[in-house]
Amino acid sequence: MNVEVVSLRAALSTVADPSRAPAMRAYMREQFDFLGVAAPARRKAAVAWIKSHDTAGPDVWLTLAERLWREPEREFQYVAVDLLDRHAAKLPAAALPRLLALVAEKSWWDTVDGLAAWVVGKLVHAHRELQADMDRLCGDDNFWLRRVSILHQLYWKRETDAERLFRYCAANADDTEFFIRKAIGWALREYGYTDADAVRGFVASTALSPLSRREALKRIQQKPLPAKEA
């Protein structure tokens, strides 16, 4: 085992409660093993390890994340997302394929959403030419990659490319996959905090699933919300 992984495992083990692991595994539909570390304790235990790599550079950050992805316990993937989130703005555009490879491996909403909004989203925001890659992913056979395309602008607020967001949502509107329908509603609702009228107008003119429609309008159906500051 890599020495870096050994040191992180030691840090996480000190705050692990193995009695929590079965419930955590059950919550993730028995797909992943867990050490039994709650999220606040994990972040606190891993912060020094993450900060110790601040000057390592993009290739090291990505390589570390890939190594953590190979660990059986899910907490290691969460730390990988936290590590990449911390340095996402410093990653080069060429990092995108390696990030998408993480999305496509051990895929579930817990890691996919963190990578989509906090890592891929920041990368594409810094390198707008990568939106062409998001356009391609919008029609990918892997629905987790499509979810990334829909969610990558989640927290862009006033900088959201609304036309692109609406186009992605419309292109996937008839998909029966729960995680796509949920992503459409979530992305629209988040943009609704910036432009409620635009979201209401899109929802009114687009044949969305009941789930997507309900999620999109959850907090903006009755009256426009004031736009958040970017």
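**Entry 1: phenylalanine 32**

I looked up the contacts of phenylalanine 32 (contact means heavy atoms within 4.5 Å) and found Arg25, Arg74, Lys106, Ser107 and Trp108, not counting residues up to four places away in sequence. I note that this is a predicted model, in which local features need pLDDT of at least 70, side-chain atom pairs count only at pLDDT 80 or more, and totals for chains, interfaces and linings use all residues. Residues are numbered from 1 along each chain as its sequence is written, and side-chain values use heavy atoms, with hydrogens and water left out.

I placed phenylalanine 32 in the loop between helix H2 (21–27) and helix H3 (39–51); helices here are DSSP runs of H or I with at least four residues, numbered from the N terminus. Is phenylalanine 32 buried or exposed? Its relative accessible area is 8%, so I recorded phenylalanine 32 as buried (buried is under 20% relative accessible area, exposed over 50%, partly exposed in between, with a 1.4 Å probe and protein chains only). I also checked alanine 183, which is 151 residues from phenylalanine 32 along the chain; their C-alpha atoms are separated by 22 Å.

**Entry 2: two lysines**

I turned to Lys106, one of the contacts of phenylalanine 32. Lysine 106 sits in the loop between helix H6 (96–103) and helix H7 (109–126). Its phi is positive, about 50°, although lysine 106 is not a glycine. I noted this because most residues other than glycine have a negative phi. Lysine 106 has a relative accessible area of 27% and is therefore partly exposed.

Lysine 157 also has a positive phi, near 50°, and is a residue other than glycine. I found lysine 157 in the loop between H9 and helix H10 (162–171). Its relative accessibility is 32%, so lysine 157 counts as partly exposed.

**Entry 3: serine 149**

I located serine 149 in helix H9 (residues 143–151). At 1% relative accessibility, serine 149 is buried. Leaving aside residues up to four places away in sequence, serine 149 touches Met134, Leu137, Cys138 and Tyr168.

**Entry 4: H12 and H13**

I examined helix H12 (residues 196–205) and helix H13 (residues 210–217), whose axes come within 10 Å and cross at roughly 165°. Axes are lines fitted to C-alpha atoms, for helices over the stretch in contact, and angles run from 0 to 180 degrees between N-to-C directions. H12 and H13 are therefore roughly antiparallel (the term applies to angles over 145 degrees). On H12, Val199, Arg200, Val203 and Ala204 meet Arg213, Ala216 and Leu217 of H13.

Technical notes
Helices (H or I, at least four residues) and strands (E, at least two) are DSSP runs, numbered from the N terminus. Angles under 35 degrees count as roughly parallel, over 145 as roughly antiparallel, 65 to 115 as roughly perpendicular and the rest as oblique.
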